Amino acid sequence: MTAPDSPDLTPEMPEEDTGARVLVWLTIVAAIAGAITGLIGGAFRWLLMHADRLRADLIDWTHHHGPAAWLIPVVISATAALIAALITRWEPRAAGSGIQHVEAVERGEAAPPPPAVIPARFVGGLLAIGVGGMVLGREGPTVHMGAAIGALTGRVCRATLREIRVLQTTLSGAGLAVAFNAPISGTLFCIEEIAKTVKVRYVLWTMAAVAAGTVCSRLIVGNHPDFVVPQINSVALSSLPVFVVFGVVVGLLGVAYNWLIRACLSGFAAIPRVPGPVKAAIIGAVIGAVLTIDPDLGGGGDDLTQNILSGQHLAFWAIVMLLAIPFVAGPVSYSAGTPGGIFAPMLALGAMTGLIASRLIDLVSPGYGHELLLPLMIVGMSSFFTAVVRAPFTGAVLVMEMTSTTSVAVSVLAAGAATMIVAELLRSPPIYDDLRERMLRQWKGHEAEGV
């Protein structure tokens, strides 16, 4: 495996350039790239949805054909993970989330993603998440494909290096918007998490790319929020202390999840004698065995989240199990190095945490927990994201767009503030900062070894 290219040090365009080229021509370029991202990302999401249904049907079939049939999901998941890992051998940048690579490019620490990232992410992500059921999110591959499309479009238009970097950054926002049908949070994600700056070209190009990408993806997957949630009344201000305390608890869980991701990555990297694809196949086999318990435990967890948001009744210990298994399976899946992100599984974990909190509150004050059930789940989704990624506004808006709910906005912000305080006091690094540093160290190691 060869190490990815070093950053290109071509002179950059002036930071203050806001002429007609930036305001008009490259905005049109960003919109075209956004439309392409919408079509490719929409197709990717459509295939993943159908793969989830086929996987669930297969597992249901195995439950009616004896214990030996249970080996089929195990073999399929192991094989899919193996092939996905082999794809990352061909294109190393396709491993993991991809968001850390987008951030490294924006900071001038890596070269923009090449076109090969697009098919590698598409096929590898479909295999790992859709066929294999690895507990990974679709947003990582979609964001990275969008960034690669942005960089490719910039090269075709003979843009400067700085323009190409900004295009790949702004198109990453389009990728997130397409992944979750959440245009506003896609724009915020680009500004808050990737660029960490507010400048004309970032805002303008991101808006154009996100708008075009969202329209095109909706032609494929439809125009509806990710989750159908019953009408929620505004939460009483007297309940805010409950959400602040809940935010503290979710912050602790998010810090633990962040640590577990890093621990799994370090642990699997400490076994150098076992080839990466073999490790991925072993992890895939374990995930396949987990799927025989409940197919909703695999993939991004959308079906699991929708079921509990829809009021599916579960015994308390069943809820704890449905939280504990993905809590461990997500970091283990990510350590396999196959294409896939961590956003979507975190949303499911946050919703499940809210469900557990509701049950516990009911023990102290019967009926009160049930009254706060949906707000707690929505706040849990946003706060868990905030604790791990440390992008509170993106997390808040993302969840409100995905659930088409704004009545819990104050509770989301109050809990998010508490979550941020906990994560900062415990010095838990934002996950993508850590992943970016790991990626760069790994690439330098390959270069030093002459691999």
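How many of the residues of helix α3 are buried? Eight of the eight residues of α3 are buried, and the helix is mostly covered. The model described here is a predicted one.

**Helix packing**

| Helix pair | Angle between axes | Axis separation |
|---|---|---|
| α3 (residues 99–106) and α6 (residues 161–180) | about 150 degrees | 9 Å |
| α1 (residues 20–62) and α5 (residues 139–156) | about 145 degrees | 9 Å |
| α1 and α4 (residues 117–131) | about 20 degrees | 9 Å |

The buried residues of α3 are Ile99, Gln100, His101, Val102, Glu103, Ala104, Val105 and Glu106. Just after this helix, Gly108 has a positive phi of about 75 degrees.

Helix α3 packs against α6 at an angle of about 150 degrees. Angles over 145 degrees count as roughly antiparallel, and α3 and α6 are therefore roughly antiparallel to each other. Their crossing is left-handed. On the α3 side, the contact is formed by Val102, Val105 and Glu106, which meet Arg162, Arg165, Gln168, Thr169 and Ser172 of α6. By class, the residues of this contact divide into two nonpolar, three polar and three charged.

Helix α6 also holds Glu163. Is Glu163 buried or exposed? Glu163 has a relative accessible area of 2%, so it is buried. Its side chain reaches the backbone nitrogen of Thr160 at a distance of 2.8 Å.

**Helix α1 with α5 and α4**

Helix α1 packs with both α5 and α4. It passes α5 in a right-handed crossing. In this contact, Val29, Ala33, Ile36, Thr37, Ile40, Gly41 and Phe44 of α1 meet Pro141, Thr142, Met145, Gly146, Ile149, Gly150 and Thr153 of α5. The contact of α1 with α5 has eight nonpolar and six polar residues, and no charged ones.

With α4, helix α1 makes an angle of about 20 degrees. Angles under 35 degrees count as roughly parallel, and α1 and α4 are therefore roughly parallel to each other. The crossing of α1 with α4 is right-handed. From α1, the contact involves Ile40, Ala43, Phe44, Leu47, Leu48, Ala51, Asp52 and Arg55; from α4, it involves Ile118, Arg121, Phe122, Gly125, Leu126, Ile129, Gly130 and Val131. Sorted by class, the contact of α1 with α4 has 11 nonpolar, two polar and three charged residues.

Ile40 and Phe44 are among the α1 residues that meet α5, and both are also listed in the contact of α1 with α4.

**Arg138, between α4 and α5**

Arg138 is in the loop between α4 and α5. Its relative accessibility is 8%, so Arg138 counts as buried. Apart from neighbours within four places in sequence, Arg138 is in contact with Phe44, Arg45, Leu48, Ile129, Ala179, Phe180, Asp226 and Asp302. Of these, Phe44 and Leu48 of α1 and Ile129 of α4 also take part in the contact of α1 with α4.

Ala423 has 0% relative accessibility and so counts as buried. Which residues does Ala423 touch, not counting those up to four places away in sequence? They are Val255, Ala387, Arg390 and Ser428. The C-alpha atom of Ala423 is separated by 11 Å from that of Gly247, and the two residues are 176 residues apart along the chain.

Terms used:
Residues are numbered from 1 along each chain as its sequence is written. This is a predicted model: local features need pLDDT of at least 70, side-chain atom pairs count only at pLDDT 80 or more; totals for chains, interfaces and linings use all residues. Side-chain values use heavy atoms; hydrogens and water are left out. Axes are lines fitted to C-alpha atoms, for helices over the stretch in contact, and angles run from 0 to 180 degrees between N-to-C directions. Helices (H or I, at least four residues) and strands (E, at least two) are DSSP runs, numbered from the N terminus. Angles under 35 degrees count as roughly parallel, over 145 as roughly antiparallel, 65 to 115 as roughly perpendicular and the rest as oblique. A crossing is left-handed if the near helix is turned anticlockwise from the far one by less than a right angle, and right-handed if clockwise. Contact means heavy atoms within 4.5 Å. Ala, Val, Leu, Ile, Met, Phe, Trp, Tyr, Cys and Pro count as nonpolar, Asp, Glu, Lys and Arg as charged, and the others, Gly among them, as polar. Buried means under 20% relative accessible area, exposed over 50%, partly exposed in between (1.4 Å probe, protein chains only). A polar contact is a pair of N or O atoms within 3.5 Å; within protein, one must be able to donate a hydrogen and the other to accept it, and residues adjacent in sequence count only if both atoms are side-chain atoms.
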